[in-house]
Amino acid sequence: MKRLSAVLIAAAVLLCAALAHGAVLRATPEEIRSAADGVARTWMADEPASSLSWNWGEGVLLFGILESYRMLGDESLLTYVEDYMQYHMDKGIRVFWSDKTTPALAAAELARRYNISTYLPLVDQVMTYVMDEAPRTQQGLIYHLGKAPLHFIPRVFPDLWVDSLFHWVPTMHRVSALTGDAAFTSEGVFQLEGFLLNMQDPVTSLLTHAYNDHPLNEPMPAYEELAFWARGNSWVYCTLVDTLAELPLEDPAYPRLQARLERLDAAIRAAQAPSGLFHTVLLNETTYEETAGSALLTYGMARGAHLGILGAETADAALRGMEGLMTVLVHEADGRVIVNGTSVGTGPRPNLYPYIPTKPQVTYGVGGWLMAAQAVLELIGA
């Protein structure tokens, strides 16, 4: 009965949100490009590439800046990413848990899209960790905290976190493309399907934040709590779109992953707020609308629709998302453009989700915003 009541509440929230939809993209392509240029230039002026650590937020940021290079063609953007990679090539990196793998995505993208292979040793180090060194659960799934000795407190530090998927799966696909070795993509698909099996609610189709493998076998938060974190769902959404973009249609996993994405996509679209953004707890309209999750979902929707993986309704939702993302920017008198409203680091504690503070100019908020802008412009052919 408790589960039924929770589902009815969720259905009501989704229906109300769906009825509130109906906006179109009012910002012009020129306005989006100008905003993206301001966002990127403001960040680069404030934060030298050598000041950035080798960490997950910086990985999202660097990938977003690379996407902006595709959008704007400004060589200073490419130089910034290369300066970052060179700094960490010289300094050396340590990879011992999932959060230390994400910047390899930008390094792999440099090699694949721009034929800049200088930084592939960084990618090799990350892939050595993911493929050979990362501790695994009984199901063979990668512990989020990796080699950190914290698994003895599983309800504080669960085994699997949805964040991990975006941190290394898209990089694995690019490495397979670069090397011709399908083992990387095969492992990425195995991990993605395992996470989905254990963490996608069969009723709402949304994903919980974390999971403890055997012997606990528990989603965290429990599905019944309806505490589905927006940014967590965005990690999975983006990873699913990226995976389907890379897999051949005849791959046995393709229809399974497509079905998972279509279910998730429908739930995400229904949860979209009238502003085009997403509440930090997707089914709780009393929680604040959060920038990074909204940006990454908008990126995933726009890219999926552009590639034909998802349909017209998703394309419309991406345009609404971009409209909302334009409102989180603060345009200062000196030409600086600030990305506001990104929640800081968040653990799988449902009682805390609504109270996690937001800040301006957070790495993954800026990176996600730039990713969304590029994907939406590509979607509309501008």
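**Entry 1: L325**

I started at L325, which sits in helix α12, residues 312-326. Helices here are DSSP runs of H or I with at least four residues, strands are E runs of at least two, and both are numbered from the N terminus. Before going on, I noted that this is a predicted model, where local features need pLDDT of at least 70, side-chain atom pairs count only at pLDDT 80 or more, and totals for chains, interfaces and linings use all residues. Residues are numbered from 1 along each chain as its sequence is written, and side-chain values use heavy atoms, with hydrogens and water left out.

Is L325 buried or exposed? L325 comes out at 0% relative accessibility, so I put it down as buried. My cut-offs are under 20% relative accessible area for buried, over 50% for exposed and partly exposed in between, with a 1.4 Å probe and protein chains only.

I then listed what L325 is in contact with, leaving aside neighbours within four places in sequence: L277, T291, S294, A295, T298, W369 and A372. Contact means heavy atoms within 4.5 Å. I also checked L325 against G341: they are 16 residues apart along the chain, and their C-alpha atoms are separated by 10 Å.

**Entry 2: the core**

W369 turned up again when I looked at the largest nonpolar core. This core has 127 residues, and W369 is among those with the most contacts inside it, along with M85, Y237, L257, I268 and M322. Helix α13, residues 363-379, gives the most to this core, with 11 residues. For the record, a nonpolar core is a set of buried Ala, Val, Leu, Ile, Met, Phe, Trp, Tyr and Cys residues joined through side-chain atoms within 4.5 Å. As background, nonpolar side chains tend to be buried together in soluble globular proteins.

**Entry 3: whole-protein numbers**

I counted 13 helices and nine strands in the protein. The radius of gyration is 19 Å, close to the 21 Å from the globule rule for 382 residues, so the protein is as compact as a globular protein of that length. That radius is taken over C-alpha atoms, and the rule is 2.2 Å times the number of residues to the power 0.38. Along the principal axes, the C-alpha atoms fill a box of roughly 60 × 50 × 40 Å.

Buried residues make up 59% of the 382. Of the contacts with a separation of 6 or more, 72% come from residues 24 or more positions apart.

Which peptide bonds are cis? I found one joining H214 and P215, with omega about 5°, and another from M220 to P221, with omega near -10°. P215 is in the loop between β2 (210-212) and β3 (218-220), and P221 is in the loop between β3 and α9 (230-246).

L226 lies in that β3 to α9 loop too. L226 has a positive phi of about 55° although it is not a glycine, and it is buried at 12% relative accessible area. Q361 also has a positive phi, near 55°, without being glycine; I located Q361 in the loop between β9 (358-359) and α13. These went in the notebook because most residues other than glycine have a negative phi, and most peptide bonds are trans.

T280 lies in the loop between β4 (278-279) and β5 (289-290) and is buried at 2%. Leaving out neighbours within four places, T280 is in contact with F228, W229, A230, T287, Y288, E290 and Y353.

Y353 came up again at P348. P348 is in the loop between β8 (342-343) and β9, is buried at 3%, and touches P158, W161, H209, A210, M220 and Y353, with residues up to four places away not counted.

Last stop was E262 in helix α10, residues 253-271. E262 is partly exposed, at 42% relative accessible area.
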